[in-house]
Amino acid sequence: MSTRQQGTILFTGILFLVATTVVIQLWLLTVSMEALLSGAMKTLVPAAAASTILLCINAGLLRYVFRFDRQIRSSK
Amino acid sequence: MNTETEPCTSCKKSEKWRDDFPIEWEGDNYVSRREMVKFLTLGSLFLAVANWVTALGSRILRRGSQNRQLLGSSDDLKANSSALFRYPTAKDPCIAVRTGEGKLVAYSQVCTHLSCAVVYDKAEQSLFCPCHNGRFNLEQGAPIAGPPTRPLPRIRLEESGGQIYAIEREA
């Protein structure tokens, strides 16, 4: 299997992982909105912190994608 | 005579087109996946920002509800009785209760089940929702019977100089 094909499979996996975390973030935002309307303020900051952690995971994966891409392009 | 040169010029044009768009079919898929990850990460950033805006916005709203409001004289609220008031806005009905032991507590009057008005039940020493027989204790406003699952929001009160003040609405 060529490096490019391996990269395609890897990127597909990363894409699904990032999509899953975005769905979780969307759920966190929905729960936060519901908590805000019902006056349960204690859950809002932990939800925002969890969302930020997921953002960091996504940013790390995106950085990995760019680094991998740069390696492929420079090896050509 | 010219027939040998003509295919070559068209061939060169084709090569120039390929130079302008050098991405092959497989590579094209590869690029769109990468772009999709970039787009999703951007979406992730927006969602995280929206979460923080919600959290910090609620703090600002909460700070706005910390205004001190005079409810009345302490003598007006006898032991084992209740009084209704609105706090922090005119749209937020609340109930203050002086228990049999003389302790003063106040909660939102809106039941956390389906928003009916709760009333003070002297016999049971609790707050009662007549719509679905929900019941909350006076110590913490926690649900003790019926369908409600969440406690009533508490209103912090302060007694000073023979007057009762509402000072903060807790979550």
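**Disulfide, sheets and interface**

Mentor: A disulfide joins Cys116(B) to Cys131(B), with an S to S distance of 2.1 Å. The model is predicted: local features need pLDDT of at least 70, side-chain atom pairs count only at pLDDT 80 or more, and totals for chains, interfaces and linings use all residues. Residues are numbered from 1 along each chain as its sequence is written, chains are lettered from A and ligands numbered from 1 in the order in which they are written, and side-chain values use heavy atoms, with hydrogens and water left out.

Trainee: Why is the pair Cys116(B) and Cys131(B) called a disulfide?

Mentor: The term needs a pair of cysteine sulfur atoms within 2.5 Å. Here the S to S distance is 2.1 Å, so the pair qualifies. Over all chains, the structure holds one disulfide.

Trainee: Which parts of the chain does the pair link?

Mentor: Distant ones, 15 residues apart. Cys116(B) lies in the loop between β4 (104–108) and β5 (119–121) of chain B. Cys131(B) lies in the loop between β6 (126–129) and β7 (134–137) of chain B. Strands here are DSSP runs (E, at least two residues), numbered from the N terminus.

Trainee: Left-handed or right-handed: what is the disulfide of Cys116(B) and Cys131(B)?

Mentor: Left-handed, because the torsion about its S-S bond is about -100 degrees.

Trainee: What keeps Cys129(B) from bonding to Cys111(B)?

Mentor: Distance. The sulfur of Cys129(B) is 3.7 Å from the one in Cys111(B), its closest cysteine sulfur, and that is too far for a bond.

Trainee: Buried, partly exposed or exposed: what is Cys116(B), and what is Cys131(B)?

Mentor: Buried means under 20% relative accessible area, exposed over 50%, partly exposed in between (1.4 Å probe, protein chains only). Cys116(B) has 17%, so Cys116(B) is buried. Cys131(B) has 43%, so Cys131(B) is partly exposed. Cys129(B), at 2%, is buried. Cys94(B), at 0%, also counts as buried.

Trainee: What makes β5 and β8 of chain B edge strands?

Mentor: Two strands pair if DSSP finds at least two bridges between them. The open sheet has four strands in the order β5-β6-β7-β8 (chain B), with antiparallel pairing. β5 and β8 (143–145) each have a single partner strand, so one side of each is left without a neighbour in the sheet.

Trainee: How do you know that β5(B) and β6(B) pair?

Mentor: Three bridges join β5(B) and β6(B), in the antiparallel sense. At least two are required, so the strands pair. In β6(B), Phe128(B) is the bridge partner of Val119(B).

Trainee: Which strands flank β10(B) in the other sheet?

Mentor: β1 and β9, in the order β1-β10-β9 (chain B), with antiparallel pairing. Four bridges join β1(B) to β10 (residues 163–169), and six join β9(B) to β10(B). Gly72(B) has Ile164(B) as its bridge partner in β10(B). Arg156(B) stands opposite Glu168(B).

Trainee: Why is β10(B) called mostly covered?

Mentor: Five of its seven residues are buried.

Trainee: What makes up the contact of chain A with chain B?

Mentor: Contact means heavy atoms within 4.5 Å. The count is 38 residues from chain A and 24 residues from chain B.

Trainee: How many salt bridges cross the interface of chain A and chain B?

Mentor: The rule asks for a side-chain nitrogen of Lys or Arg within 4 Å of a carboxyl oxygen of Asp or Glu. Across this interface the rule finds zero.
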